[in-house]
Amino acid sequence: MPLVPHHVASLQPYVPGKPIEEVEREYGVTDVAKLASNENALGPSPLALRAAQEACARVHLYPDGSAFLLKRALSGRFSVPVEEILVGNGSNELIELLVRTFVLEGEEVLTSAQSFVAYKLAAHAHGRTLVEAPMKERFHYDLDALHARLSPRTKLVFLANPDNPTGTWFLEKELVHFLGAVSRDTLVVLDEAYVEFVEAEGFQDALALRQRYPNLVVLRTFSKIYGLAGLRLGYAFARPEVVALLDRVRAPFNVNLVAQAAGVAALDDEEHVLLSRRLVRTERPFLEQGLRELGATVVPSQANFVLADFPGRPGMELFDALLRQAVVVRPVAGYGFPTAQRITVGTRAENVKVLAALRKVLGR
Ligand SMILES: Cc1ncc(COP(=O)(O)O)c(C=O)c1O
């Protein structure tokens, strides 16, 4: 008898950004600039940090399994009723949970090819059928192609807007057109991990759309603008029946005590959000310009990272050469972009460092 089902034996594990300590150990470098995981270059909110430190004194206790205070804070901040909120150990847990809870054998998970890999992993880990629509113009979600792949078996649709790893975005009018074609029995999960950085005209107002489309689930995270990636905290807005079902399936204490306390404080720290947004809005054009001067094709982005394509430069080689310069970026060959790197927008010093390292490595 096989040890595990075929869909588990054939799983490809998620490849995370290389941790700083590992790069230091393996390459004998120090002062590493990690621009590989779209974290917040300014670090955590100081208010969240203080709340986390205080919460540490109570870690002999189990956390509040209902995350009452955190949900109340989210409810107040976004004017969403508490029963329409679910919190998770990163939004990644919620992606998994959605598949586990809702997708039956024979039903399909639909998403865009080359979009965030967690959707694909979640479907595969549960032995569910994944249907992928191709992107248009290499880097953009194609809502018409997704529309064409809807079927009576489609149970969940994952849409990342802005997208990772491309940083591109689609417009609310495209989304509305798509939502109009989706059966009310299909859940559409709009993953807004980078929404706080968006300034593009015509971008969706997901909270308003939820009023018109009850099958819309909105996913967000504290890992990006709030700078709490290491604590693992994400949240979802969905209609009460959907939240209640997910609540039954999740682990009893899925969000730890420190994360809950830090999350409440982070929501209060409007200044940190403002500074983080301002940094990305100033530094992203600087990074993009520098990358273009080095001959890269830079994909337009609304997130805190950019996808830069270096034609003729195999992604893993360039990645490795940059590691030797104490710079960690993210090669995205696994996403079908063999010569591209995803680079997080850092502080000015980090952006200068990555550009200098690239200049050296590319011999420009
Ligand atoms: C589009 C998207 N969704 C979800 C996540 C997961 O975020 P977390 O699990 O840290 O909340 C990420 C992280 O990079 C992301 O890019």
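Q: What covers the buried residues of helix 14?
A: In this predicted model, the cover includes helix 12 (270-293), helix 13 (315-323), strand 11 (327-328) and strand 13 (340-344).

Q: Which residues of helix 14 are called buried, and what makes a residue buried?
A: Buried means under 20% relative accessible area. In helix 14, N351, V354, L355, A357, L358 and L362 are buried.

Q: How do you know where the buried residues of helix 14 fall, seen down its axis?
A: They fall within an arc of 160°, so they line one face of the helix. An α-helix has 3.6 residues a turn, so residues three or four places apart point the same way. On the other side of helix 14, A349 and K360 are exposed.

Q: How do you know what helix 14 should span?
A: The expected span is 1.5 Å times one less than the number of residues. For the 15 residues of helix 14 (residues 348-362) this gives 21 Å, and the end C-alpha atoms are 21 Å apart, so the two agree. Just after helix 14, G363 has a positive phi of about 70°.

Q: Why is S79 called exposed?
A: Exposed means over 50% relative accessible area. S79 has 66%, so S79 is exposed. S79 sits in the loop between helix 4 (68-78) and strand 2 (85-88).

Q: Why is L3 called exposed?
A: The relative accessible area of L3 is 85%, and the cut-off is over 50%, so L3 is exposed. L3 belongs to the segment before helix 1 (6-9).

Q: What makes the nonpolar surface patch of about 350 Å²?
A: The patch is made by L3, V4, V8 and L11.

Terms used
Residues are numbered from 1 along each chain as its sequence is written. This is a predicted model: local features need pLDDT of at least 70, side-chain atom pairs count only at pLDDT 80 or more; totals for chains, interfaces and linings use all residues. Side-chain values use heavy atoms; hydrogens and water are left out. Patches are made of residues with over 30% relative accessible area and no salt bridge: like charges are joined within 9 Å, nonpolar side chains (Val, Leu, Ile, Met, Phe, Trp, Tyr) within 5 Å. Accessible areas come from the Shrake-Rupley method with a 1.4 Å probe; for residues, only the protein chains shown count as cover. A salt bridge is a side-chain nitrogen of Lys or Arg within 4 Å of a carboxyl oxygen of Asp or Glu. Helices (H or I, at least four residues) and strands (E, at least two) are DSSP runs, numbered from the N terminus. Buried means under 20% relative accessible area, exposed over 50%, partly exposed in between (1.4 Å probe, protein chains only). The arc is that of the directions from the helix axis to the C-beta atoms. Contact means heavy atoms within 4.5 Å.
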